[in-house]
Amino acid sequence: MNAPIRNLLSIADLDRAAIEQILELTESFAEVGERSIPKVPALRGKTIAWLFYEDSTRTRLSFETAAKRLSADTMNFSVGTSSVKKGESLRDTVNTIEAMGIDGVVVRHGDAGAPHRIAEWVDAAVVNAGDGWNQHPTQSLLDLYTARSRLGDLDGRHLVVVGDIKHSRVARSNVMAFTEMGARVTLVAPRTLLPADLDQWPVGVTHDLDSVIESADICYLLRMQLERQEQAYVPTLREFHTEWGLDTRRSAMLPDHALIMHPGPMNRGVEIDGLVADQPNSVMTQQVTNGVAVRMAVLYVLLGSGLDLVDQRLAVA
Ligand code: CP
């Protein structure tokens, strides 16, 4: 991909070469994070606004940390204390923020496609930090980076994604991202938690976790997205745990090298046993740590270098 990317709205905005370049750049920024003063002047003079219409712990704090490490200025916006409460529309809110002068906007919204609409309205670079059931591209990049740093090349690796696929933007992003990098993907869920358009997904599907767990290189768990479920999709959470949760018995069936991953937040005792979550092969903490460096790379590419200038990274880092 030679043309500089302007926004990151979907993992589909990146081909394999672009993903490789961002992951390579991430490695440089991970090194910055280990310094005694983990800060570089790469985005000095740039202003980035956070527009989070949905709750977040990891993504928001991670983007804020990334921006600070790049010396960018940030503009905080909280729906709960903003004029959204007085009925201001998304478009008017975005126009108001842009009028104050921003170079980038990081958006999380409950509606699929909201970041795409914002990208049509503003000149600033737009990063999708999660839109409804649709996409969470920076989660996928940090997942790829984490998996590669532990397993090496992902070509031919087997990613097993378990849980509430139907309501998961992470599942949609990760299926695209991992298949682009040469992995094969199997989805594991009860019939009720699989998407209606599954025949268009490049994946295998099973309802039986035990049948695929021994061949998994990565067992990727998803929480039940109760906030997006308008009806009961499983009889009880206890039953879900028994049938589809990663408990100690199933965890012992994983190959020795296999990783257990989760985008967070976890619900211990539902999709994952509490003991399993704390095992050495559970890499959720590394995912969070890597998220900062990945988001530094994404912000730098969109607001700073452009992908075609990645080779100049050492000059700024
Ligand atoms: N993985 C993730 O998006 O977590 P948050 O909802 O806490 O940002």
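Predicted model: local features only at pLDDT ≥ 70, side-chain atom pairs only at ≥ 80, totals over all residues.
User: How should I read the strand order of a sheet, and what is the order of the five strands in the open sheet here?

Analyst: Strands of a sheet pair through backbone hydrogen bonds, either parallel or antiparallel. In this model the five strands run in the order β7-β6-β5-β8-β9, with parallel pairing, and the sheet they form is open. Its edge strands are β7 (204-206) and β9 (259-261), each of which pairs on one side only. On average, neighbouring strands of the sheet are turned by 20 degrees against each other, direction ignored.

User: Over how many bridges do β8 and β9 pair, and which residue of β9 stands opposite I218?

Analyst: Strand β8, residues 218-221, pairs with β9 over three bridges in the parallel sense. The residue opposite I218 is L259 in β9.

User: Which strands of the sheet does helix α5 touch?

Analyst: Helix α5, residues 137-151, packs on the sheet and touches β8 and β9. The direction of α5 makes about 165 degrees with that of β9.

User: Turning to the pockets, how much space lies in the largest pocket, and which residues are closest to its centre?

Analyst: The largest pocket holds about 390 Å³ of space. Its lining comprises 21 residues, and the closest to the centre are R108, R169, R223, G264 and P265.

User: Which elements and domains supply the lining of the largest pocket?

Analyst: At least two lining residues come from each of α2 (58-69) and α6 (169-180). At the level of domains, domain 1 (11-136 + 288-314) and domain 2 (137-286) each contribute at least three residues to this lining.

User: What is the volume of the second largest pocket, and which residues line it?

Analyst: Its volume is about 160 Å³. The lining of the second largest pocket consists of F29, A30, G33, E34, R69, Q286, T289, N290, V292, A293 and M296. Two or more of these residues are given by each of α1 (16-33) and α10 (284-305).

User: Which element gives the most to the lining of the second largest pocket, and how do its lining residues divide?

Analyst: Helix α10 gives the most, with six residues. By class, the lining of the second largest pocket has five nonpolar, four polar and two charged residues.

Key:
Residues numbered from 1 in each chain as written. Heavy atoms only, no water. Pairing = 2+ DSSP bridges. Helix = DSSP H or I, 4+ residues; strand = E, 2+ residues; numbered from the N terminus. Axes fitted to C-alpha atoms, helices over the stretch in contact; angles between N-to-C directions. Contact = heavy atoms within 4.5 Å. 1 Å grid on protein atoms, 1.4 Å probe; cavity = no way out; pocket = protein on both sides within 12 Å on 5 of 7 lines; lining within 4 Å. Points joined across faces, edges and corners; volume = space filled by probe spheres on them. Domains from an automatic or database assignment. Nonpolar A, V, L, I, M, F, W, Y, C, P; charged D, E, K, R; others polar.
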